[in-house]
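Let us read this structure together, one feature at a time, by question and reply.

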Amino acid sequence: MTQHGDLDERDALHLRQAIRLSAQAKARGNKPFGAVIAAADGTVLAEAGNTGTETRDFTAHAEMNALRAAGPRHARQLLAGATLYASGEPCAMCAGAVFWSGIGRVVFALDIAAQQRAGKPAEIALSCRDVLQAAPRPVTVLGPCLADEAFEAFKGAW
């Protein structure tokens, strides 16, 4: 289940923080997703968990919440060199938002198929790779990585 690929020490640090945020979101009664946005130098620009249940906002995915926090505070040039780390593979909505934000790289833990094995209901099961490959500028996608570590928060969440 785990694919490390080009995952380096900094990537692992930020991805593990996204996984911790997913467990915190689940503990608050939300779906178990967390996201961290880090600049090219490793500085954390924003982080968030899913807040959909708390806010009744069906777009309050962890990635969307992190993007909403980062966008007003950071220049697009900084975001272009940033990486979004996600505990679960971003859905089609979140992948589209990554493109529109200008972020150039995504690293995720648990892919959509593994999320569904953990009990997540079927949805638009379009890989973020497929969404981002259709974009007119390249967005690098790495994952699944550290999937075994991320899986625990997903169990029993649905």
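This is a predicted model: local features need pLDDT of at least 70, side-chain atom pairs count only at pLDDT 80 or more; totals for chains, interfaces and linings use all residues.

A: R105 belongs to strand β4 (residues 105-110) and D11 to helix α1 (residues 9-27), so the pair ties together parts that are 94 residues apart in sequence.

Q: Is D11 buried or exposed?

A: Residues under 20% relative accessible area count as buried, and D11, with a relative accessible area of 3%, is therefore buried.

Q: Which side chain meets R16 in a salt bridge?

A: The partner of R16 is E149, at 2.7 Å from N to O. Because R16 lies in helix α1 and E149 in helix α8 (residues 147-154), this pair ties together parts that are 133 residues apart in sequence. R16 is partly exposed, with a relative accessible area of 33%, and E149 is also partly exposed, at 38% relative accessibility.

Q: How are two packed helices described?

A: Two packed helices are described by the angle between their axes and by the distance between those axes. Here the axes of helix α3 (residues 62-70) and helix α5 (residues 92-101) come within 9 Å and cross at roughly 20 degrees. Angles under 35 degrees count as roughly parallel, so α3 is roughly parallel to α5, and their crossing is left-handed.

Q: Which residues of α3 and α5 meet?

A: From α3, the residues E63, M64 and L67 meet M93, C94, A97, V98 and S101 of α5. Sorted by class, this contact has 6 nonpolar, 1 polar and 1 charged residues.

Definitions and conventions:
Residues are numbered from 1 along each chain as its sequence is written. Side-chain values use heavy atoms; hydrogens and water are left out. Axes are lines fitted to C-alpha atoms, for helices over the stretch in contact, and angles run from 0 to 180 degrees between N-to-C directions. Helices (H or I, at least four residues) and strands (E, at least two) are DSSP runs, numbered from the N terminus. Angles under 35 degrees count as roughly parallel, over 145 as roughly antiparallel, 65 to 115 as roughly perpendicular and the rest as oblique. A crossing is left-handed if the near helix is turned anticlockwise from the far one by less than a right angle, and right-handed if clockwise. Contact means heavy atoms within 4.5 Å. Ala, Val, Leu, Ile, Met, Phe, Trp, Tyr, Cys and Pro count as nonpolar, Asp, Glu, Lys and Arg as charged, and the others, Gly among them, as polar. Buried means under 20% relative accessible area, exposed over 50%, partly exposed in between (1.4 Å probe, protein chains only). A salt bridge is a side-chain nitrogen of Lys or Arg within 4 Å of a carboxyl oxygen of Asp or Glu.
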